[in-house]
Amino acid sequence: MEDLLKCNFCGRKKNEITFLISGINGHICNYCIEKTYSIIHKKFSIKNDEKINVPTIEIKKPKEIKSFLDKNVIGQNEAKKIISVAVYNHYKRIIQGDVSKNKNENTEENVEIEKSNILLIGNTGTGKTLLAKSISKLLKVPFAIADATTLTEAGYVGEDVESILTRLLQSVNYDIHSAEKGIIFLDEIDKISRKNNNPSITRDVSGEGVQQALLKILEGSVINVPPQGGRKHPDQKMIQINTENILFIAGGTFDGIEKIISDRIEQISIGFLTKEKQKEKNNNYFLKNIIAIDLKNFGLIPELIGRFPVITYLNPLNKNMLKKILVEPKNALIKQYKKLFYMDKISMNITDEALDIIVDKTFQLGIGARGLRTFCEKIFLDYMFNIENIQPILNIDKNIVLKKLSFS
């Protein structure tokens, strides 16, 4: 009877195996036990590997970060210095947390360092987005841009605030562990300011309500994220993502905040402004004196302001800076056009006077560095379209630029 015993999993008979373990209603052989162990071990190893093999970040010292930013962003030295230190401290905090999770009493290990989310204030085209992109490129971390103007309070037409995390997940093909150490640039954050301080019958669904909804995400919590973005609904499967180590960089023009700062400074000085302060007022240098109360008076709620401990401003671009942006950075526009022509075996040269006209037109347009591309496209469009008829050497001078931009 014992010779008839066999494994209920693989069917091997007792005389074909080393040993057989019997249960109440069945038997399992040593081969099936080993196979089962292998499957279970492999599954748990993958889970452990996912926790251990979290993408490593090559931390850079503040001077290294600023040096890299200098190659990509012209000017804004003070802002670059502030951002470099904030980013360094943020990722140093993450790496330190990964290396040592042991909490020893009465040691500095117990000190919890808060996130260094950054708020950038400056005119359009001054380099807010470029600064954020450059940092993510240097550190090789996931990066996503979200527009605050598309967000509305839950239940209204628009996108839930969680959709900004969906963009970050999508940028790394839904690799949660990578996304949890990425950077999100939240553009146009000034557009979600409280519309006014007076109670209204009309609900402020894209203002204070959105600010309130952002608080949990910015501070650091486990958030249920809809995989495809948009609106959440009850039957949808959610992805959980921890925002504790995601760096949020917010940017906005904050049009009119200079007046708020100006009024505060003048009120403090009781009307006795020195000539130097009056000059600063005329040159729009009030942003360097911005404090939290100014943002509150602009329409941001105190809780949101508190989630951005690092606040800096970007100076408006003058003609000299615009010209440097046009030719000096690693990916300067003129370098890009030269490369495009070179790919068709054409050597493109542009005179200094021609560059000055592009800069003058851009400065008059008043939209910062973005205007440079607008005029460059107008100048080079016809040459690109008729590329097969262009001579090996293409010279762009002042007269050509004036002719091309005569109707701009």
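This is a predicted model: local features need pLDDT of at least 70, side-chain atom pairs count only at pLDDT 80 or more; totals for chains, interfaces and linings use all residues.

**Rings, charges and backbone**

Reader: Which residues do ring pairs link into a cluster?
Author: Rings of Phe, Tyr and Trp (its six-membered ring) pair if their centres lie within 6.5 Å; planes under 30 degrees apart count as stacked, over 60 as edge-to-face and the rest as tilted. Such ring pairs form a cluster of Tyr-337, Phe-341 and Phe-380.

Reader: How many helices and strands does the chain have?
Author: Helices (H or I, at least four residues) and strands (E, at least two) are DSSP runs, numbered from the N terminus. On that basis the chain has 16 helices and eleven strands.

Reader: What percentage of the residues of the chain count as buried?
Author: Buried means under 20% relative accessible area, exposed over 50%, and partly exposed in between, with a 1.4 Å probe and protein chains only. Of the 408 residues, the share that counts as buried is 41%.

Reader: How far is Lys-115 from the nearest side chain of opposite charge?
Author: Lys-115 lies in the loop between α3 (77-99) and β3 (118-122). Lys and Arg count as positive and Asp and Glu as negative, with His and the chain ends not counted; a salt bridge is a side-chain nitrogen of Lys or Arg within 4 Å of a carboxyl oxygen of Asp or Glu. Lys-115 is buried and has no salt bridge. The nearest side chain of opposite charge is that of Glu-244, and its distance is 8.9 Å.

Reader: Which backbone oxygen does the side chain of Lys-115 reach at 3.0 Å?
Author: A polar contact is a pair of N or O atoms within 3.5 Å; within protein, one must be able to donate a hydrogen and the other to accept it, and residues adjacent in sequence count only if both atoms are side-chain atoms. The side chain of Lys-115 reaches the backbone oxygen of Thr-243 at 3.1 Å. At 3.0 Å, the side chain of Lys-115 reaches the backbone oxygen of Leu-218.

Reader: How far is the charged end of Lys-404 from the centre of the ring of Tyr-383?
Author: A charge sits over a ring if NZ of Lys or CZ of Arg is within 6 Å of the ring centre and within 35 degrees of the ring normal. Arg-12 lies in this way over the face of Tyr-31, at 4.4 Å from the ring centre. Lys-404 sits over the ring of Tyr-383, and the distance to its centre is 4.9 Å.

Reader: Near what value is the phi of Asn-173?
Author: Most residues other than glycine have a negative phi. Asn-173, in the loop between α5 (163-171) and α6 (176-179), is exposed, with a relative accessible area of 67%. Its phi is positive, near 55°.

Conventions: Residues are numbered from 1 along each chain as its sequence is written. Side-chain values use heavy atoms; hydrogens and water are left out.
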